[in-house]
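Visitor: I'd like to learn how to read a structure like this one, feature by feature. Could you walk me through it?

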There are 2 protein chains.
Amino acid sequence: MIVATWNVNSIRAREERLLAFLARHAPDVVCLQEIKVRQEEFPFETLAEAGYHAAVNGQKAYNGVAILTKDEPKEVKRGFGDGKEDSQARFLQAHVGATCFASVYVPNGGEVGSEKWSMKLEWLKRLRKWLDENMDPEKTLILAGDFNVAPEERDVENPDQWESSVLFHPDVREALADVVEWGLFDSLRIRNKEAGLYTWWDYRRLAFPRNDGLRIDHLYLSRPLVGRCAEAWIDREERKGGRPSDHAPVIAAIDV
Amino acid sequence: MIVATWNVNSIRAREERLLAFLARHAPDVVCLQEIKVRQEEFPFETLAEAGYHAAVNGQKAYNGVAILTKDEPKEVKRGFGDGKEDSQARFLQAHVGATCFASVYVPNGGEVGSEKWSMKLEWLKRLRKWLDENMDPEKTLILAGDFNVAPEERDVENPDQWESSVLFHPDVREALADVVEWGLFDSLRIRNKEAGLYTWWDYRRLAFPRNDGLRIDHLYLSRPLVGRCAEAWIDREERKGGRPSDHAPVIAAIDV
DNA sequence: GTGCCATGAG
DNA sequence: CTCATGGCAC
């Protein structure tokens, strides 16, 4: 089974590239972030023609997550379902077979110390709470998306520059570590230990050509899936030519 | 020699279609209107690769006219040169060989009776004055562009509806007739007398599929060129597929 | 840089 | 409907 996660930065602007991506990798499940459309504008028909079902938690101009699946998704749920109101569409879960998939778009956090920063840390706590209250670490779970956090030094080209930013500040790394500690395994790090593997490059500063990137998109597995993950990689090729998203997809091959 | 005029409604949005148009017809001269860019943003390089020189009278968000030529253009002049200030880029002339080409974008006119309406009538008077003071009816002149006036009933699908509009009001038809009276000949009407030949369809109202159009783009010739004009037509094909301009090009084949 | 919005133009 | 703008978000 091929599973992918990709922050497309507008599904409208990326529709052609998404179809090419699906054709190239034929993934069984794709978690998408920043689709930036309401459900009404989501391109269900085009994706159905490409052979995909779609579960969508949409929103007008910002955010919005989706899960594309070859098989029909079951138990689709939007948001954490923890009673708090969700003005932003950042979480979606769906089951395929016995496996639970969640597509997450963690808030960016604006500036360290700001209101948005607090919301980011708070949101990661809610995510941990969702795991605690709804998931079982010994069952099959794939939690994937744009976490807007680089976990370690080897995940950042220039750690000194980024340490003071919302993407690599110690506090947010700790908040992510607390989520992971529930019982998640970073699929990319099962076999790839080297530095320099990034999933995001700032559109400004022409960061991609200089590979001044960060690994902030992750595909986490619960323990039962770790031994079944044959391979995980970042699809840097997707960024070539045309108008790419600022995020590269993360892909994992998992025996199910 | 193939000569064309086309209101592209943004040269940025129409760049691909423009290149396809040039490849298809290989025109020697093309008058463009509503390029909507300053000279700094004009795609000189792409057009040079396609084999064209470009004379440009540009402007930031609105208006803007250009003349593309296979041979190098001479005596390029922006505006009427009548001493009045030109806050809007609507007129450009250039010579190719002995022939003078002018690309014009007559003001739309807003609402009949408005300030913009007066400016439209005034602008057409300035155009006539420019002809009187700078041109010779017995020399070779091609005056082409978006005149925002349909000259006759046969040039409008629904004359009754449009008679009260700025595009077909008797006053503006008279103002255009006064320009033509200087000594211009409507190339399309040399051989094509039938009704139903339009160059513009309102984006709103889905006017194109219903052919609810008007002929407001014209390619005028001075007398010495009339006998040399073998053919003139509207390129309706250009509107097919993708995101077309609301105007179709007018093309003439002229022996020079 | 690249996407969204609302607004203005046609 | 299809362009442009300036402003915001990331």
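Visitor: Let's begin with strand pairing. Which residue stands opposite B:Val3 in E2(B)?

Guide: The general idea is that strands of a sheet pair through backbone hydrogen bonds, either parallel or antiparallel. Here, in what is a predicted model, B:Val3 sits across from B:Val29 of E2(B). That is one spot in the pairing of strand E1 (residues 2–7) of chain B with E2(B), where 5 bridges join strands that run parallel.

Visitor: And how does the chain get from E1(B) to E2(B), and what is the handedness of the crossover?

Guide: The path goes through helix H1 (residues 15–25) of chain B, and this β-α-β crossover is right-handed.

Visitor: What pairs with E2(B) besides that, and in which sense, parallel or antiparallel?

Guide: Strand E4 (residues 65–69) of chain B does, running antiparallel to E2(B) with 5 bridges between them. To place yourself along that pairing, look for B:Gln33, whose bridge partner in E4(B) is B:Val65.

Visitor: Now burial. How many residues of strand E2 (residues 29–33) of chain B are buried?

Guide: In a regular strand the side chains alternate between the two faces of the sheet. For E2(B), 5 of its 5 residues are buried. One side carries B:Val29, B:Cys31 and B:Gln33, the other B:Val30 and B:Leu32, and both faces are covered.

Visitor: What about helices? Which residues of helix H5 (residues 170–180) of chain B are buried?

Guide: Start from the geometry: an α-helix has 3.6 residues a turn, so residues three or four places apart point the same way. In H5(B), the buried ones are B:Val172, B:Ala175, B:Leu176 and B:Val179. Looking down the axis of H5(B), the buried residues fall within an arc of 95°, so they line one face of the helix.

Visitor: What do the buried residues of H5(B) pack against?

Guide: Their contacts are H3, E9 and strand E12 (217–222) of chain B.

Visitor: E9 and E12 belong to a sheet, then. What is the order of its strands?

Guide: Read across, the order is E5-E6-E7-E8-E12-E9 in chain B, an open sheet of 6 strands with mixed pairing. At the edges you find strand E5 (74–78) and strand E9 (184–186) of chain B, each pairing on one side only. Ignoring direction, neighbouring strands of this sheet are turned by 20° against each other on average.

Visitor: Which helix packs on that sheet?

Guide: Helix H3 (residues 115–134) of chain B, which touches E6, strand E7 (99–105), strand E8 (141–146) and E9 of chain B. The direction of H3 makes about 25° with that of E6(B). As for E6 itself, strand E6 (residues 91–96) of chain B pairs with E5(B) in the antiparallel sense over 3 bridges. Within that pairing, B:Arg78 stands opposite B:Leu92 in E6(B).

Visitor: Last topic: charged pairs. How many salt bridges does the structure hold?

Guide: Side chains of opposite charge can pair when their charged atoms come close. Over all chains, there are 40 salt bridges. In one of them, A:Arg173 and A:Glu163 meet at 3.3 Å, N to O. A:Arg173 lies in helix H5 (residues 170–180) of chain A and A:Glu163 in the loop between helix H4 (159–162) and H5, so the pair ties together parts that are 10 residues apart in sequence. A:Glu163 is partly exposed, at 27% relative accessibility.

Visitor: And where is A:Glu237, buried or exposed or in between, and what is its partner?

Guide: A:Glu237 is partly exposed, with a relative accessible area of 49%. Its salt-bridge partner is A:Lys240, with the closest N and O atoms 3.2 Å apart, and A:Lys240 counts as exposed at 56%. Elsewhere, salt bridges that share partners join A:Arg128, A:Asp132, A:Asp178 and A:Glu181 into one network.

Definitions and conventions
Residues numbered from 1 in each chain as written. Chains lettered and ligands numbered in written order. Predicted model: local features only at pLDDT ≥ 70, side-chain atom pairs only at ≥ 80, totals over all residues. Heavy atoms only, no water. Salt bridge = Lys/Arg side-chain N within 4 Å of Asp/Glu carboxyl O. Helix = DSSP H or I, 4+ residues; strand = E, 2+ residues; numbered from the N terminus. Buried < 20%, exposed > 50% of the residue type's maximum accessible area, 1.4 Å probe, protein only. Pairing = 2+ DSSP bridges. Axes fitted to C-alpha atoms, helices over the stretch in contact; angles between N-to-C directions. Contact = heavy atoms within 4.5 Å. Arc of directions from axis to C-beta. Right-handed = clockwise from strand over helix to strand, strands pointing away.
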